[in-house]
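Dear colleague,

Please find below the structure that I am handing over to you.

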Amino acid sequence: MIIAQITDFHVRPPGVLAYGGIDTNAMLRNAVAAIARLDPAPDCVIATGDLADCGLQEEYEEIASTLAPLPMPVFVIPGNHDRRAVMRSSLGVRHRYLEQAQQFFQYVIDDFPVRLIALDTVIAGETGGEICAVREAWFAHALGQGDGRPTLVFMHHPPFKTGVPAMDPMMCKTAPSFVDLVAQHPEIERIVVGHYHRPIVVRWAGTIGFVAPSTAHQVVLDLRISEPSRWALEPPGFALHVYRDGVGIVSHVVPIGDFGLTHEFELAPDYPGQT
Ligand SMILES: [Fe+2]
Ligand SMILES: [Fe+2]
């Protein structure tokens, strides 16, 4: 099974640039085209929040039409830039699984060899996120209904620390019981998130925490204390989480762009270092 993860599109209304200069809409189109070209095709796509930049209906309509060419199911969750009500009214028709979601956009996709559990970390009006008691109780119930199959949990805000001073203050707040819950379920192969706009991997609560790069702008890696986050147009990307029997889940980061032709590793007989 192949799961493509795209995140943090920050789409704006048609013709409008994000942050005064980033064509996030064109960058999402590039991401969708890159996924559509993959052979073998992914079985599904997960989109881990900050789909819109300002939570506007026009932005979700742009997102819906940009994602429409993808032939496989696409599963979305909100990020701090999204607005649940607008997301539901604008995307709900094409994303029927959202009917499972009540107050929070949490749902289980049980159709694949890997179980997918979506968690909603959004606190309206705040940059950081949380898993409150209600959301944690739902998660415990969802895990309890599993059959031990490998499980991939996806959410927008990371519940784990990265050690990057400007990032950790806007992580997902959780209770100690949430950490214990994850640790008690070794079938959770990954917790995959967005929000930080660059690839990061950590070990946490007995599983692997993974942050995917944005399809648009990246957050510059800065390990200094007291420096505010800055963005840059480092290569955009997406992730492929590939599950194989006997291997488990392997996560790949795929840059998006035109990198020229591919080449075979053919060397001339006199190329140095071959003997
Ligand atoms: Fe974002
Ligand atoms: Fe975010």
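Predicted model: local features only at pLDDT ≥ 70, side-chain atom pairs only at ≥ 80, totals over all residues.

Residues are numbered from 1 along each chain as its sequence is written, chains are lettered from A and ligands numbered from 1 in the order in which they are written, and side-chain values use heavy atoms, with hydrogens and water left out.

Metal sites

The iron ion (ligand 1) is coordinated by Asp8 (OD), His10 (NE2), Asp50 (OD) and His197 (NE2), at 2.1 to 2.3 Å. Donors here are N, O and S atoms within 2.8 Å of the metal (3.2 Å for Na, K and Ca); water is not among the atoms, so sites may look incomplete. Along the chain, the donors of this ion follow the spacing D-x1-H-x39-D-x146-H. The arrangement around the iron ion (ligand 1) is irregular because its four donor atoms subtend angles of 87 to 172 degrees. For reference, four donors count as tetrahedral if all angles lie between 85 and 135 degrees; four count as square planar and six as octahedral if opposite donors are over 155 degrees apart and all others between 65 and 115; anything else is irregular.

Histidine 156, in the loop between β7 and β8 (172-173), and histidine 195, in the loop between β9 and β10, are 39 residues apart and link distant parts of the chain. Both histidine 156 and histidine 195 are buried, where buried means under 20% relative accessible area, exposed over 50%, and partly exposed in between (1.4 Å probe, protein chains only).

The iron ion (ligand 1) and the iron ion (ligand 2) are 3.6 Å apart, and aspartate 50 coordinates both. Aspartate 8 lies in the loop between β1 (2-6) and α1 (24-36), and aspartate 50 in the loop between β2 (44-48) and α2 (57-67); this pair, 42 residues apart, links distant parts of the chain. Helices (H or I, at least four residues) and strands (E, at least two) are DSSP runs, numbered from the N terminus. Aspartate 8 counts as buried at 0% relative accessibility, and aspartate 50 is buried with a relative accessible area of 2%.

The two sheets

One open sheet has five strands in the order β3-β2-β1-β14-β15, with mixed pairing. Two strands pair if DSSP finds at least two bridges between them. The edges are formed by β3 (74-77) and β15 (248-255); each has a single partner strand, so one side of each is left without a neighbour in the sheet. Within this sheet, β1 and strand β14 (residues 237-244) pair in the antiparallel sense over four bridges, and isoleucine 3 has histidine 241 as its bridge partner in β14.

The other open sheet has six strands in the order β4-β5-β7-β9-β11-β10, and its pairing is mixed. Its edges are β4 (107-109) and β10 (200-204), each with a single partner strand. From one strand to the next, the twist averages 20 degrees; axes are lines fitted to C-alpha atoms, for helices over the stretch in contact, and angles run from 0 to 180 degrees between N-to-C directions. β4 and strand β5 (residues 115-118) pair in the antiparallel sense over three bridges, whereas β5 and β7 run parallel and are joined by four bridges. β7 and β9 also pair in the parallel sense over four bridges, with threonine 151 opposite isoleucine 188 in β9. Both faces of β7 are covered: Thr151 and Val153 on one side, and Leu152 and Phe154 on the other, are all buried.

Helices

Helix α4 (residues 133-144) lies across β4, β5, β7 (151-154) and β9 (188-193), running at about 170 degrees to β5. Helix α5 (residues 176-183) packs on the sheet, touching β9, β10 and β11 (207-211), and its direction makes about 90 degrees with that of β10. Contact means heavy atoms within 4.5 Å.

In helix α3 (residues 84-91), Met87, Ser90 and Leu91 are buried. The buried residues of α3 pack against α2 and β3, while Ala85 and Ser89 are exposed on the face turned away from the buried side.

Yours sincerely
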